[in-house]
Structures are given as structure tokens and as C-alpha cells.
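Here is a short briefing to read alongside the model. Have the sequence and the 3D view open as you go.

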Amino acid sequence: MFARLTAEGAANRVEGPLLFLRRTLDVGYNEAVEVEGSDGIVRLGRVATVDDDTIVIEVLDDTAGLALAGTRVRFFGEPLKFNVGYGILDRVFNGVGEVIDGGPPIAAEKSMSIDGLPMKPVAREAPKDFLETGVSAIDLMNSLVRGQKLPLFSGGGLPHDQIAMSIAANARLPSAEAQEFAIVFAGIGVPHESAEYFQREMERSGALERSVLFLNLASDSSAQRLLTPRYALTAAEYLAFHEGKHVLVILTDMTNYCEALREVSASRGEVPSRKGYPGYMYSDLATLFERAGRIKGMPGTLTQLPILTMPNDDIGHPIPDLSGYITEGQIVLDRDLHRRGIYPPVKVLPSLSRLMKDGIGEGMTHRDHPALAAQLYAAYARAQQARILASVVGEDGLTEVDRQFLEFGSHFESNIIAHAEPRPVEDSMAVGWEGLKHLPRNELHRLSDAQIEQHLGHHDQPAEE
Amino acid sequence: MSQAIIEWVSGPVVRARPEGAFVMREAVRVGEQGLLGEVIRIKESEIVIQVYEDTTGLRPGIQIEGSGQPLSVRLGPGILGGTFDGLLRPIADISVDGPWVKPGAIEHVAADFYFMPQVAEGDALTPGAIIGRVKPARGREQRILVPPGTSGVVEELVAEGEYRDDVPLCQLRNEDDKRHPVTMSHQWPVRRPRPVSARLPSDEPMLTGQRVIDCLFPVARGGKAAIPGGFGTGKTVLLETLAKWCNADVIVYVGCGERGNELAGLLEEFAELEDPRTGRLLLERTVLIANTSNMPVAAREASIYTGVTVAEYFRDQGYDVALMADSTSRWAEALREVSGRLGELPGEGGYPAYLSSRLADFYERAAKVRTLAGETGSVTLMGAVSPPSGDFSEPVTSHTRRYIRSFWALDTHRAHARFYPAIHPLHSYSTDAGRLARWWHAEGCTHWEELRTRFLTLLDEQARLERMARIIGKDAMPPRQRFILMCAELLNEGFLRQSAFSEIDRSASPARQAVMMRIIGEFIEQAERVVADGVLPEAIAQLPVFRRLMRMSEEIPEGQWEEFSELSDELDKSMVGLVTSNQQTGEA
Ligand SMILES: Nc1ncnc2c1ncn2[C@@H]1O[C@H](COP(=O)(O)OP(=O)(O)OP(=O)(O)O)[C@@H](O)[C@H]1O
Ligand SMILES: [Mg+2]
């Protein structure tokens, strides 16, 4: 760490964020560097490629002001590291792990590589425990489990920031473990106002006390943007696997991250893949998202709730598409619902939590929670079909049963999905059962007779009063 | 061995200046850590190496050691029940070296096994012959094979007892008087298919316990199937379900560029669940090859070949093996990434032009065979495909289609409605179905083919009628058409839907599948008759027996044959009742 090598006067080209040096030193791929221009500004960077005679440095700050002459490069001899310690909670950092809340630097207990190491599959413990978010569309329909990575797929102008803040403030563990809960929040490429909003909201709700905040602004360099989630996840790994906390990481907006990835890749002259994004975007995103999980024999967990905005609301766009292939489900927000005033505007059919079954049911939420969710899904899917039918042939062309489903659909959206205040999961389940009472019993194929009897009243009772 | 010096590093690709001769596909060790790599291109003054581990810190000047051998894996009795990386190196327990994957050489650790010889000194053995058996502490009995390519007369045979898997059990003296030691394990190059004495036609299904597969789109032993589907449509759950309940002797599960949590879940479950056929833990018949999405990309490319090689090794012992690969698209992307770094001309979708032939190399290794030792064994391949935005016209899906025989297309709409398995009956097919009918016949399910055709036609009609309903409204359809929609609903809900998480229904025996098929067939027949007699389909759907049929898959477990026959009786009675009351109202 201290035996730093320095190259001076070796620069022979600057292009975008890339600085080319004649190879005068023995340095390795991916190692960290500091670039000091003749302007006296020190910029962070890392080695992007090395060959026999050239070293290419990716500069993580603005390269404006760099000249070939007088540029000094210091090599760290190791990848970028982040100094972390217990005092990290209740602090605010910029996108590259520097304190920006005016307080003193934190006392470092560990220096961890920001890239982390892949967790061995055999060392992972399968995620199991329920994590309450206070949002019915999540808790009831797509439950979040500790150690899971479950993104919000949103769109420009949709209230994802608000949802994120509400989850940060209201997410709960069973009371005994409440102490051990922490939040790492990273704003990636966010505008000034949003950054301020996040900081203010977290202070107001008191969430900041148990949180670490990283803010990479829209005006910061693209290359830096690539590091922000890595610093955030390193802090989270420290809290989860060294301090034993249950950590929820909220990353917003991953679309900005991917745009930065495309930009940097293009400036390196790489062969682009779909829509100009680099072919390795899947693997690159995986190195971030796969840092969620639990480790056998360790108390902490690392849960991720990344947020991304779908360009043109297109779920098939490479950013949501590749993310969906890595994450364990997705919560999809919908413009139509938003327009109709449904908050949170969660479109449940394309939403999914793959680990839900491991976090709910007997001893966790309720024995009949899985059946309830399955029935609500089936019924709402049928309601949507009826809606499509009705939009063409009119309600009169529907059968009586289909009309009942149609009605259920609206009820579901405005009473089960929509709610202003955070809802405990018990209440979410109660409104769910209530909603099913609008349907004829013999159409509830996902429920057993016993479940119908227990939660919806006696079987022989006609549904339609 | 030859050596080379690194000149250039970019991600998993390294260029080096050779000192001495290298051959294509030769395995190499890079640097002090001994990172494993493979020669993928040779020029006069340069070799290109694909490195299977994290290359952070590699730099020009570092040395590369050739091995003189193609990239190979060590096959032996220790594999079964284990978890390995893409190059079949054991992934050590957390207690050994912590929870993180660290790059660098991992030495093969030899273990002891109890060996029972089956040959005698002086026997002349041919390649692939069985010299004896071992019975590992966990897992099934295995056979020790003479490696393909080796033969001779047995000398210095050891007595029955415990031996390490790398010490000679005997020597084989061949015609040239050379002696070859035979150990429990041997090396085999992953990219070379293991030889067999003949490929056999297959007329026996590989049973999966999934009704939509076994009854509608079956796969034969030695067959090959693809499961394409957008994210979240159920590829992994389906592959895992097959790995749990299919009737193969050995399962090779290749987690190729997918999620760590999934593999952790699979390991946990397999260590608890029993194989209903043997009563032993599922883990004991499974080999897990794990290369998650965050592990080095290049090893993904190798992991598929490693997996098939392991599968062939068990096939050669006379076993029926099933290999699941999740997901072949990640493997193809690894090809694409390496190709891109080499500056090769990109083809369709950015994939290299040789994508198609590489896919063929993989799928062509599926077969039912007569082994060199004269036994029968099979390798059945099942690969998930993850097409970008769920579009099946993309290169990996469309090339895969050319080589497989069963196509299980997962449908986003079904998955969104939580209808699982989300296999779309109109977009899926099986070219094996025709020749498997005889097997079902022999099992006593004499109407299998007929019912299968009936079901498929019904589903086809349903799709047509639903399109029509969108124009004229359901209410305006004649009873006969509403009857078809009702039957299709029952077929979907009561038969094709099968939750992987339901203890009762996660796997169905052929007998249970046959009974359910028959009852649904009876329903269709009887309902058709009463509808022709003037009963409204809605009246049938209101019958309590209809709800019971809809829920029979979740409520009547394996072996409860009386319950099924009661249900069938109730069906008869209810239908008769309907006709009678209909006649009465008609007369009144
Ligand atoms: N047969 C099934 N029975 C019950 N649930 C299922 C079944 N198949 C899929 N599911 C549900 O769908 C979810 C998604 O399935 P899965 O993880 O297999 O998708 P996938 O196609 O592998 O997605 P990806 O391509 O992103 O890996 C599962 O978590 C599970 O909840
Ligand atoms: Mg999957």
C-alpha cells in the first residue's frame, strides 16, 4: 500500500476518461492509481489495460485540465479499497467513498477491496426470513426475503424515490432483531434536488441514524458512477458480515449506472452489443447484484433493492432485461396505475419475488399466505382478461362470472394495492381475504374448502348477497 | 514443458510470446498463483490464452507454463455428491478456506475408497472395460473403468480393500509390452466426447413426473430438450424439479452463469430430500457444477463441456444420466465476450459465427448408447435458454432449436398469471412423442396417444375460440364452443398446472398421470354428450364434481386410487343427474 510507484512524464495521449502512458513500470491490470495533473488536482483512476509498451488508465474524475506534460501517476499496486469501520453508520459519502457531511473521516477498522470477492455457492445460506416493507404489493404479493435482490422497475416520473424512502423508513424486522437492522442507500447519478430530498427525508424519518448514505451526483464523472455501487456494497458487506447486521441496500438509479457503463465502454473502443451496451453488461451487473446473500454461520444478511428506470417504459430494454435475469424477481411500477392515482402504482402481474415461498407461510407470516397470494394472482389475471374482453365487446358481452371478476379487478387495485400509510403484513393479508369475498366461492380454485371456510365464511353461503 | 511470457491482458484474455511449442486447446498455468487457462489461438510469435480465473494483477512479463495436455478433468468415484467449479475443481467447504472464491491453483485431494475387483490377473481387457466396483460411503455403487484408449492383460491386481483413488489397482500390459497403470480415477479432455461402441435408438421416456412434459411433450432417454423463456418464467424451477424427480440414476446439474442463492437453495434441498426410487438422499446421485454469474466468465464456457464429460463418464458405467444446464445463453455470452476481446468479426447478435457449431458439439453428446463395456447407458441433455426480452427468434434459441428434439417453450403470460409450469402447449413440441407411445401402452395406459392428441386439439381450439370471443363476446358463443372453453379450462387448471412446491403434486408417477388423463378424457366425453342433449356448459361448471376435478391434482395424492375411482363415479352420477333434471325441466 505504501510502496507506491510513480510515473512522471510518461503520458502520451488523453482521450475522454482514458489516459495512455508509456509503460515504464511494472503494474497490473485493474490496480488503482492516482493521477495528478499540472493543475494540482488529484484524480482517482485504475488500470484498464496493459501491454508491453502501453498502460491505459481509466480516470475516474473529469480529465479536463490534464496535460501530457507534468502529469504524475501514482500506482497503488492493488485494486481500489475502501476504509470502513463501525462509525460508518449515520454518515454521508460521495460516490467514491469520501466523507461529505462535514464530519471527520471515519476510523478505519478494515480496508476492503471495493470489488469484493464472489461468494462461494457452498458457503451461501439460502435466504429465508421475511422482511416487512410496509407495502402490500410487496409484503402480500411479492414478499421480500433477507438476502434477496429484488429491484423496482420504474419509469421516469413515477414515484420510485418516494417508495424507496418509505421503505427505508418503515422496513421492519421482527422486534427482537430490530436493533440489528441497517440501511445503505446509494444515489447513483442523481440530480441535486433528489440528493437533497434523500438526505432530508432520511434525517426527517430518523432512518439516517441506522443508515449509510452515498451520493453520486448527475454532474459527477461517468467513470465514478461505476464505483458508487461498489463502495456502497463494500460498506454493506462490512456491516453484514463483520458487524452481523441485517442490511438493506437501496441503489438508485441503476439505469444511470448502465449508461455510464456504455459511455466508458464506447470510449475504450469496445465492440458494442445490444443497443450499444457492452456485451459484458450482464456479467458486470451480476458482480453487483450477486453481492446480496447470507453466509453460513454468520448472523448478518445483505438484501438489495435496486431501482432502475426503464427507458421508454420498455421492460424488454437491455437494462431491465439483463437485470431481471440476475435479480430474484422484480417489482414493476406502472404509468397507467399512477395516472389513475393508485399509490404505490405496482403492476402485480409482471412483478415477482422468487424467494417469496421461503419467507412466508407457517411460522413466518401465516400458513395460508401462499395460497392467498396464489389465489389473488389467479383472480387478478382473470380480471385483466375480462378487462381486455370488455374493452372490445363491452361489459354486456361478458358472462356473469367475468363481470364479477372485472369488479374484483378494480377493488384489488384501489383497496389492496393502493394504500397511503405503511401496512403491517397482517393487515395486508386481511384486506386480501376481504377482496376475495367479492368472488363466487366455486371459482376460487387455488384455495381448499377448508381455507375458504376459515377465511371467507361458510362454503354454502352464496357469495353474491 | 513450453513456456510463454505475457504481453497483453484484457479481462479473461491474455496474449503471450511463446518460448517453445504450444498446441491448440492446451491447458496452461499462469503466474505464481497458477491460474488455469487454455490456448485458444496460435500465431507464429504469439499465443492467445483464455484464463478461467480472475485476472486482476496479471501484467506483461509474467510467465505461463504449458502442460502439454488438452484441458482435462479428473474423473473418479469422488465426484458423485460433490460441488465443483466449471473445471471440476472441488469448491471447498467454508471451514477450509472461508466463504469467498479465491483465484489460484487447487490441488486435487485424493481420497480412499473400498475397491472390489471383478477381473483376475491374466484377463485381457479392452478399453472401457469394468475392472471392479467401489462403494463410497455416500452415494451409489460405482464402476471402475479402464480408460478409453487403454487395453492389455491384467497384472499386479490388488486385493479387495481400501485404496486411494490415485494409486494403481492393476497394470495392463499391451501388445508392445508396455505397462499402463489403472487407477480409480483418470483424466479426460473435456472437449472430446468419450467413445462408445454404438449409439442406440431410444424408445423409452425419461420420466420427469411433470404431466405437461410426460404426457404432452416427453423426452426420451438419450434425448435433448431446450427450455427457452424470458426472465422469471420458470426455467430454473423446472430444471430443478426435473433434477429432483426424473428417473435418472445420476444427475449432473450445471449452474452456468446464474444465481448463487439458487444453488445454495438447491444444495440445501437436495441434502434433505429423498429419491423416492432408492430412498437415498438426492444429493447422493447428483454432481453439481457451479459457476455463478459473478464467477469468472471464461469458466462458464468450459463448465458446459465439463458437465457433459462427467455425464458421459457415468453413462460409460452403464447408468442413465440426466444433465441440466442453466443457462446455455450465459455460456453463449461467454463465447461472445471472449470472441469480442479477440477482435473477431461478430456475427448475428454479436455472437461469433461458430456459435451454432459449438451448440451442436454440446447437444450431439446426448445419446442412448452401448458402452465400450457392452452395457447400455444414456445421457439426456436439458438446457435452459434465456433469450433477450423473451424473443425466441434470437440466435441462441434459434440455433438450439436445430439440434434438440423436445422444445418446452415458457410463456410470459402464463407465468404472470402464476400458472406453472408455464410451458405453452401450442409453442412447444416433442419429436420423441411418437415413438414413446408404445412404452405407455405397455404400462397399461392404452389411450395415451389418443388422449394426447385429444388434449392438444382441445388446446388449439381454445386458442382459436378465445380470439373469437374477443370479437363477439363469450355470451354470444354457442354452447358447443363454450363447452370447449370449459374443457380447456379444466385441462389447464386440473391437469397441466402442477406446482413444484406442492408436496402432493410436485411429482406424479406415470400411474397417477395416466389416471388423471383418463378422468379428464371421461369428463370431456360425457360433457360433450350432455351438452349435445341440451345441457348448458355453465350448468356443468356449477357441479361440485367440477370443482373437485379442478383441484384433484392438489388434493388426491399418489396411490389413492380409490379416491380417483370415487371421483370418476361421482362424475358419472352428476352427469346422469344433469341429464335427468334437464329432461324434467324440458318436459315441464
Ligand atoms: N413449476 C413451478 N411451480 C411453482 N412455482 C414456479 C414454478 N416454476 C416457476 N415458479 C415460480 O416462478 C419463479 C421464477 O422461476 P425461475 O426462477 O425458475 O425463472 P427463470 O426462468 O429461471 O428466470 P431467470 O431466467 O431469470 O433465471 C419462481 O421463483 C417460482 O416462484
Ligand atoms: Mg433461472
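How many residues of domain 1 of chain A are in contact with domain 2 of chain A? The count is 13 residues of domain 1, touching 12 residues of domain 2, where contact means heavy atoms within 4.5 Å.

This is a predicted model, in which local features need pLDDT of at least 70, side-chain atom pairs count only at pLDDT 80 or more, and totals for chains, interfaces and linings use all residues. Residues are numbered from 1 along each chain as its sequence is written, chains are lettered from A and ligands numbered from 1 in the order in which they are written, and side-chain values use heavy atoms, leaving out hydrogens and water.

**Domains of chain A**
- An automatic or database assignment gives domain 1 (4-79), domain 2 (82-358) and domain 3 (369-455).
- The C-alpha centres of domains 1 and 2 are 31 Å apart.

- A:Arg46, A:Glu58 and A:Leu60 supply 45% of the area that domain 1 buries here, more than any other three residues.

**Strand E14**
- All 10 of the 10 residues in strand E14 (181-190) of chain A are buried, meaning under 20% relative accessible area (1.4 Å probe, protein chains only).
- E14(A) runs parallel to strand E16 (246-252) over 7 bridges, and 7 bridges also join E14(A) to the parallel strand E15 (211-217).
- A:Ile183 has A:Leu248 as its bridge partner in E16(A) and stands opposite A:Ser211 in E15(A).

Note on methods:
Buried < 20%, exposed > 50% of the residue type's maximum accessible area, 1.4 Å probe, protein only. Helix = DSSP H or I, 4+ residues; strand = E, 2+ residues; numbered from the N terminus. Pairing = 2+ DSSP bridges. Buried area = accessible area lost by both parts, 1.4 Å probe.
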